[in-house]
Amino acid sequence: MKKRLTKCFAVPIMLAVCSLFYYFGELIDWAAWDALRRDFFYGIHDVHRLLFLVPIVYAAYCGRVRGAVIVTLVAFLIFLPRAFFVSPYPDALLRMGLFTVFAGVLGVLVGQLRNECERRQDLERRLAEHPHPGTVAGGRHE
Amino acid sequence: MSSDWLLRIVLFSVIHWALAGLMMTDLLARRRVLGGRKTPWLALVMLVPGFGSLAYLLFHPDILHPDHDADRPRAGRDRR
C-alpha cells in the first residue's frame, strides 16, 4: 500500500521539486534569503528546464503516452509564468515551446517503446504457454 | 489589448483545454472519485483554468499509473 502510494505521488513530487528549483531565484528574492543568492539562479533557465525531463520520462515509463502528454502539458503550464512575466531574456516563449515539444516527443517515444516491450513480453509468455505454432493468435492449429 | 497579451491568453487557453480534455476523459472513465461525486470535479477542471486540472491530478495521481488503477472498468484500462 505504502509502495503504491509512493509510486503514485512520485511524479507530482518530482514536478514540485523541479518547479521549486525553476523558480528558486524568485523565491530567494521574495523570502530575502541573501545567503542563498547565486548567479546560477538568475541566468537563462534553459539548464534548469532540463530537470523537467526526469518527471516527463518517468511518467512516460509508468503512464505511457498519456502520462507523457499530461506531464509535458503540466510542465509547460509551469514554464508559462516565467515566459510571460519574469524572464528578461529574448524569445523566452519560443525557447520554452521548443523544449516542451522536444521533451513531449521524447516522452511519447519512451511510452511507445514501453508499450512495445510489454507487448513482446506478453507474446513471449503466450508462446511459452502454447508452444505449438498457430495456437497463439487465433487459437487454431494450422 | 495588445497582440502580446492576446497570444498569452490564447496559449494559456490551449494548454488549459488540452489538459482539461485529458482530465475529463479520465474522470468519465473512472468509477470512483475523491469525494464520491463527479460533478464538482468536472466543474473544477472546466472552470478553473490550469489549477483545476492540477488539483485533479494531485488528488487522482493514479491517472499516471494505468497498471495500478483499480477504480477503472477493464475496458478503460487499455494502454494508450
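The contact between the two chains takes 22 residues from chain A and 19 residues from chain B, where contact means C-beta atoms, placed from the backbone, within 7 Å. On the side of chain A that touches chain B, helix 1 (2–22) and helix 4 each give two or more residues. The largest share, 15 residues, comes from helix 4 of chain A.

This is a predicted model, in which local features need pLDDT of at least 70, side-chain atom pairs count only at pLDDT 80 or more, and totals for chains, interfaces and linings use all residues. Residues are numbered from 1 along each chain as its sequence is written, while chains are lettered from A and ligands numbered from 1 in the order in which they are written.

**Helix 4 of chain A**
- Helix 4 has 34 residues, yet its end C-alpha atoms are only 22 Å apart, short of the 50 Å that a straight helix would reach at 1.5 Å a residue.
- A bend of about 145° falls at A:Gly63, taken as the angle between axes fitted to the seven residues ending there and the seven starting there.

**Packing with helix 5**
- Helix 4 (residues 53–86) and helix 5 (residues 92–129) of chain A pack at an angle of about 170°, with axes 8 Å apart.
- That makes the two helices roughly antiparallel (angles over 145 degrees).

- A:Ala32, in the loop between helix 2 (24–31) and helix 3 (46–50) of chain A, is exposed, with 8 other C-beta atoms within 10 Å (exposed means 12 or fewer, buried 20 or more).
- A:Arg64, in helix 4 of chain A, is buried, with 25 other C-beta atoms within 10 Å.

Terms used: Axes fitted to C-alpha atoms, helices over the stretch in contact; angles between N-to-C directions. Helix = DSSP H or I, 4+ residues; strand = E, 2+ residues; numbered from the N terminus. Parallel < 35°, antiparallel > 145°, perpendicular 65-115°, else oblique. Expected span 1.5 Å × (residues − 1).
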